[in-house]
Amino acid sequence: MVLGFGAALGVLAAASGAPPPAAGAAGGGPAAAAPGGTLTLLDHRRESLASLRGRPVLVWFVAAGCSSCEASIPAVASHLGAFTRSGTRVLVLGMYGVFGPGPVGTAELARFGKAAAGTAFARPGWTWGVASEPLTAAFDPAGIPDAYFLLDAAGHVTYQNSVPVSTMGALLAHLPARAAAGG
């Protein structure tokens, strides 16, 4: 119920043009440094968010039972080409506490992702993992799913919003310049 309410708040914020919960700067001043933390990939390897520096990355938090997440996954899948052309890695993270720990959690996330994305789940261009508690709390202290953060190659937040299915145009417009051709 809490996840559904959180998702509804994200949808309302996106639809109304209001900043999403946990919204931050989207340009104008210097980009804020993204918080650190770790994640567990579907193959059970642990990786730090800092290890992804060197190219832009979209960090997107999802949760099972989140209807806007389920709707956003195919929308993001249909634009993986634009992310790839911009050199942006899409990192889909199951929120800590929603998916179980260890192999159980990664299996739950994989089932959720495959159900929402279908055959696009296996396409290159995105990486799936479960966020650690500190990583989830640092990016999304309110625990509201379907929030995303676009990081530049240095790991600074350059744009953030929620509910990609409703905000895809704005997200694509904020991709690095290489993305301008196509979608």
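Strand β2 (residues 38-41) and strand β3 (residues 46-48) pair in the antiparallel sense over three bridges. Strands here are DSSP runs of E of at least two residues, helices are runs of H or I of at least four, and both are numbered from the N terminus. Two strands count as paired if DSSP finds at least two bridges between them.

Before I go on, some ground rules. This is a predicted model, in which local features need pLDDT of at least 70 and side-chain atom pairs count only at pLDDT 80 or more, while totals for chains, interfaces and linings use all residues. Residues are numbered from 1 along each chain as its sequence is written, and side-chain values use heavy atoms, with hydrogens and water left out.

Back to the strands. β2 and β3 make a hairpin with four residues between them, and histidine 44 in the turn has a positive phi of about 80°. β2 is also joined to β6 by three bridges, again antiparallel. In that pairing, leucine 39 stands opposite alanine 131 of β6.

What is its bridge partner in β3? The partner of threonine 38 is serine 48. Threonine 38 is partly exposed at 26% relative accessibility; buried means under 20% relative accessible area, exposed means over 50%, and partly exposed is in between, with a 1.4 Å probe and protein chains only. Leaving out residues up to four places away in sequence, threonine 38 touches Arg46, Glu47, Ser48, Ala131, Ser132 and Leu135, where contact means heavy atoms within 4.5 Å. The C-alpha atoms of threonine 38 and proline 134 are 7.8 Å apart, although 96 residues separate the two along the chain.

Stepping out to the whole chain: there are six helices and eight strands, in the order α-β-β-β-β-α-α-β-α-β-α-β-β-α. Of the 183 residues, 46% are buried. Among contacts with a separation of 6 or more, 76% are between residues 24 or more positions apart.

Next, the cysteines. How many disulfides does a search of the whole structure find? One. The pair is cysteine 66 and cysteine 69, with sulfur atoms 2.4 Å apart; the cut-off for a disulfide is a pair of cysteine sulfur atoms within 2.5 Å. The torsion about the S-S bond is about 80°, so this disulfide is right-handed. Cysteine 66 is buried at 0% relative accessible area, and cysteine 69 is buried at 0%.

Aspartate 146 has phi near 75° and sits in the loop between α5 (133-139) and β7 (147-151). Is aspartate 146 buried or exposed? Aspartate 146 is buried, at 0% relative accessibility. Valine 163 has phi near 55°; its loop runs between β8 (156-162) and α6 (164-173), and valine 163 is buried at 1%.

Last, the largest pocket, with about 190 Å³ of space. A pocket is an open set of points on a 1 Å grid over the protein atoms alone, where a 1.4 Å probe fits, with protein on both sides within 12 Å along at least five of seven lines; lining residues have an atom within 4 Å of a point. The volume is the space filled by probe spheres set on the points, which are joined across faces, edges and corners. The lining has 13 residues, and Tyr96, Gly100, Pro101, Gly102 and Val130 lie nearest the centre. α4 (102-117) and β6 (126-131) each supply at least two lining residues.
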